Amino acid sequence: MILFFIRTFNDLDHITPVVYRLAGYSSEPIRVFCQNPSFDINNDFRLKFLKENVNNLELGYIYSLKKPVHALPGDKLELQEFDENWAKILFEELKPSALVFDYVIDSGKFITGSLLKAARRLNIPTIGVPPGLPVFSEGYMPDIDFFKNEVRTELDYNIVPHRIDADYRIGHGFNPDRITILGSARFCKEWREVINNVVPPDKLPDYKSNEKLKVVYMERGADLHGEFSETIRETITRVSRLDFVHLIIKPHTRERRLQFSASDTAEIAYGANSINLIKWADAVIGTNSSILVEALLQDKVLLYPKYFHRDRMIFHDMGACWTVHSIMELEGALKQMRSAGFVKPYPRENVERLVEKIVYGGAKDRDVLGDYVKFICGVANKKTQKWS
């Protein structure tokens, strides 16, 4: 039995496809447990899809599986009461062959630390699957603690989407023998064909082709704008006030809030799904969110305002975006898109090379979900647990 642990909206984007493919590969029970009591697992469209299409799936909150030994009926329990000993007893009853998490950037969140400690005591292997798709350039090694925390992990194995990500982790001390490059489960062709038919519709503004240029700005996660905050605010405000543009701002789904004060002329789409927003858009503006890969896969114009930060991004280095270096250049690009003879200033071949590199881990014909399943099952079948 393999256990998957989820915590946030974003985790599901990258874990759901693996669970889906695993269900078609193995008849063993697959259990997906949520650690976040505030996350509504009953109304998430991806989990609904799994429940309707996976027969051997059990879905629930981990806290409902077993009460701490001292708990009495009616007791209101705190998370710290679900400790390492509680997790050990639970695992001894369930007898899992492997535990699958996101990268566990913060093992102190919810009860992840207790689960990992109990797993080590029982020799249950733990595997981290990517909670996103890094789009930093090759050789770029972010020193920000937010990124370093991804490699200060207590997991036994990490699946990574591409070589750049693997080298980053190895460079920060992660054992290369515990890393495998398998591509992106979220953005591979097999899963995109599924998810595009599963995403609930959103009501978005409807324009004739000659009325408004439809533009989406994808906000980056975490408050990492720093000294660029005012530049970003000024740029987005000016774009929102262009009379030929309808701008929608999409806050990052992990943060669910804007990192700057938006103009009252900009529409903010907290609830709309990013896939639907990109389908609606003529152009997508962004810097380092993995959802920008979706824009390229949908063949939308990706406008990259390089002056929003100091980072180096792979779509810029591989010539797979329209890079602008100032507000004037961005406005000029939008005006050019309005012109009758507009052609993207970057070739489709560059986009295809980028997709092969970061979505398929450098192997054009990779069966991404199949490789994930084979690796996870291979780890699980080593049977080193104390009850085997």
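## A buried helix: H4

Buried here means under 20% relative accessible area. By that cut-off, seven of the 10 residues of helix H4 (residues 112-121) are buried, so H4 is largely enclosed by the rest of the structure. Keep in mind that this is a predicted model.

Which residues of H4 are buried? They are Thr112, Gly113, Ser114, Leu115, Leu116, Ala118 and Ala119. Once H4 is done, along comes Asn123, with a positive phi near 60°.

## The overall picture

Stepping back, the protein has 14 helices and 13 strands. Of its 388 residues, 56% count as buried. Take the contacts with a separation of 6 or more, and 72% of them are between residues 24 or more positions apart.

In soluble globular proteins, nonpolar side chains tend to be buried together. In this model, the largest nonpolar core has 105 residues. Phe4, Val245, Leu247, Leu303, Phe315 and Leu334 are the ones with the most contacts inside that core. Helix H14 supplies the largest share of the core, eight residues. Apart from this core lies another one, of 23 residues, including Leu3, Phe33, Leu99 and Val104.

Leaving out residues up to four places away in sequence, Leu303 touches Ala283, Val284, Ile285, Gly286, Trp322, Leu330, Ala333 and Leu334.

## Val239 and its partners

Val239 sits in helix H8 (residues 229-240). Because its relative accessibility is 1%, Val239 counts as buried. Setting aside neighbours within four places in sequence, Val239 is in contact with Val245, Leu247, Leu330 and Leu334.

How many residues apart in sequence are Val239 and Leu334? The pair is 95 residues apart in sequence, with 8.9 Å from C-alpha to C-alpha in space.

## H1 across H14

Two packed helices are described by the angle between their axes and the distance between the axes. For helix H1 (residues 9-25) and helix H14 (residues 368-380), the angle is about 70° and the axes are 9 Å apart. That angle makes H1 roughly perpendicular to H14.

On the H1 side of the contact you'll find Pro17, Val18, Arg21, Leu22 and Tyr25. These meet Leu369, Gly370, Tyr372, Val373, Ile376 and Cys377 in H14. Sorted by class, the contact has nine nonpolar residues, one polar and one charged.

## Lys344 in its loop

Lys344 lies in the loop between helix H12 (327-338) and helix H13 (348-358). Is Lys344 buried or partly exposed? With a relative accessible area of 26%, Lys344 is partly exposed.

Not counting residues up to four places away in sequence, Lys344 touches Asp299, Lys300 and Val301. Take Val301: it is 43 residues from Lys344 in sequence, yet the two are 7.0 Å apart in space, C-alpha to C-alpha.

## Cysteines

How many disulfides does a search of the whole structure find? The search comes back with zero. As for individual cysteines, Cys34 is buried, with a relative accessible area of 0%. Cys321 is also buried, at 8% relative accessible area.

Technical notes
Residues are numbered from 1 along each chain as its sequence is written. This is a predicted model: local features need pLDDT of at least 70, side-chain atom pairs count only at pLDDT 80 or more; totals for chains, interfaces and linings use all residues. Side-chain values use heavy atoms; hydrogens and water are left out. A disulfide is a pair of cysteine sulfur atoms within 2.5 Å. Buried means under 20% relative accessible area, exposed over 50%, partly exposed in between (1.4 Å probe, protein chains only). Axes are lines fitted to C-alpha atoms, for helices over the stretch in contact, and angles run from 0 to 180 degrees between N-to-C directions. Helices (H or I, at least four residues) and strands (E, at least two) are DSSP runs, numbered from the N terminus. Angles under 35 degrees count as roughly parallel, over 145 as roughly antiparallel, 65 to 115 as roughly perpendicular and the rest as oblique. Contact means heavy atoms within 4.5 Å. Ala, Val, Leu, Ile, Met, Phe, Trp, Tyr, Cys and Pro count as nonpolar, Asp, Glu, Lys and Arg as charged, and the others, Gly among them, as polar. A nonpolar core is a set of buried Ala, Val, Leu, Ile, Met, Phe, Trp, Tyr and Cys residues joined through side-chain atoms within 4.5 Å.
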